[in-house]
Amino acid sequence: MAVTNISLEVAQREYQSLRERFPRFCGCDTCRGDVLVYALNRLAPHYVSTRQGEILTGLTLQSDQEKARLDVALLEAFQRVAAAPRCGAKPSQL
């Protein structure tokens, strides 16, 4: 197994579940990437290199506190990207 940032994988999954709540959000590849980058730059990375490390870290990131931290970062990212999308979409407030 190669070195993996579990925070990225968890953020990508959570992005998908939160994205459904914002039908006016562009959601193109550029906006999606901007949301993930914004959120991940505000969260601690969690790198693993084994399957056991992946499972243990995944469990840690599922705690209520860690999930809330991730959701706050993603929600702030959705708002910022929607207000000034780089893809040329019309800015909106969520």
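Me: Leaving aside its neighbours within four places in sequence, which residues is D71 in contact with?

Reply: Contact means that heavy atoms lie within 4.5 Å. By that rule, and with neighbours up to four places away set aside, D71 touches E14 and L18. This is a predicted model, in which local features need pLDDT of at least 70 and side-chain atom pairs count only at pLDDT 80 or more, while totals for chains, interfaces and linings use all residues. Residues are numbered from 1 along each chain as its sequence is written, and side-chain values use heavy atoms, with hydrogens and water left out.

Me: Where does D71 lie, and is D71 buried or exposed?

Reply: Helices (DSSP runs of H or I, at least four residues) and strands (runs of E, at least two) are numbered from the N terminus. D71 lies in helix α4, residues 64-83. For burial, the cut-offs on relative accessible area are under 20% for buried and over 50% for exposed, with partly exposed in between (1.4 Å probe, protein chains only). D71 has 16% relative accessibility, so D71 counts as buried.

Me: What is the overall layout of the protein chain?

Reply: The order of elements along the sequence is β-α-α-β-α-α, with four helices and two strands in total. The C-alpha trace spans about 45 × 25 × 20 Å along its principal axes. Of the 94 residues, 37% are buried. Among contacts between residues at least 6 apart in sequence, 76% join residues at least 24 apart.

Me: How is the length of a helix such as α2 checked?

Reply: The expected span is 1.5 Å times one less than the number of residues. For the twelve residues of α2 that gives 16 Å, and the end C-alpha atoms are 16 Å apart, so the two values agree.

Me: Which residues of α2 are buried, and what do they pack against?

Reply: The buried residues of α2 are C31, D34, V35, L36, Y38 and A39. They pack against α1 (6-19) and α4. D34 is worth a look, as a charged residue in that list. D34 sits in α2, residues 29-40, and touches V81 and R86 when residues up to four places away are not counted.

Me: What joins the side chains of D34 and R86?

Reply: A polar contact is a pair of N or O atoms within 3.5 Å; within protein, one must be able to donate a hydrogen and the other to accept it, and residues adjacent in sequence count only if both atoms are side-chain atoms. The side chains of D34 and R86 make such a contact at 2.8 Å.

Me: How many salt bridges does the structure hold, and which one involves K67 and E14?

Reply: A salt bridge needs a side-chain nitrogen of Lys or Arg within 4 Å of a carboxyl oxygen of Asp or Glu. The structure holds six. In one of them, K67 and E14 meet at 3.0 Å, N to O. This pair links distant parts of the chain, with K67 in helix α4 and E14 in helix α1, 53 residues apart. K67 is partly exposed because its relative accessible area is 36%, whereas E14, at 13%, counts as buried.

Me: Which residues make the nonpolar surface patch?

Reply: Patches are made of residues with over 30% relative accessible area and no salt bridge; like charges are joined within 9 Å, and nonpolar side chains (Val, Leu, Ile, Met, Phe, Trp, Tyr) within 5 Å. Accessible areas come from the Shrake-Rupley method with a 1.4 Å probe, and for residues only the protein chains shown count as cover. Here I55, L56 and L59 make a nonpolar patch of about 290 Å². I55 belongs to helix α3, residues 51-61, and is partly exposed at 43%. The accessible surface of the protein chain comes to about 6,000 Å², of which 51% belongs to carbon and sulfur atoms.
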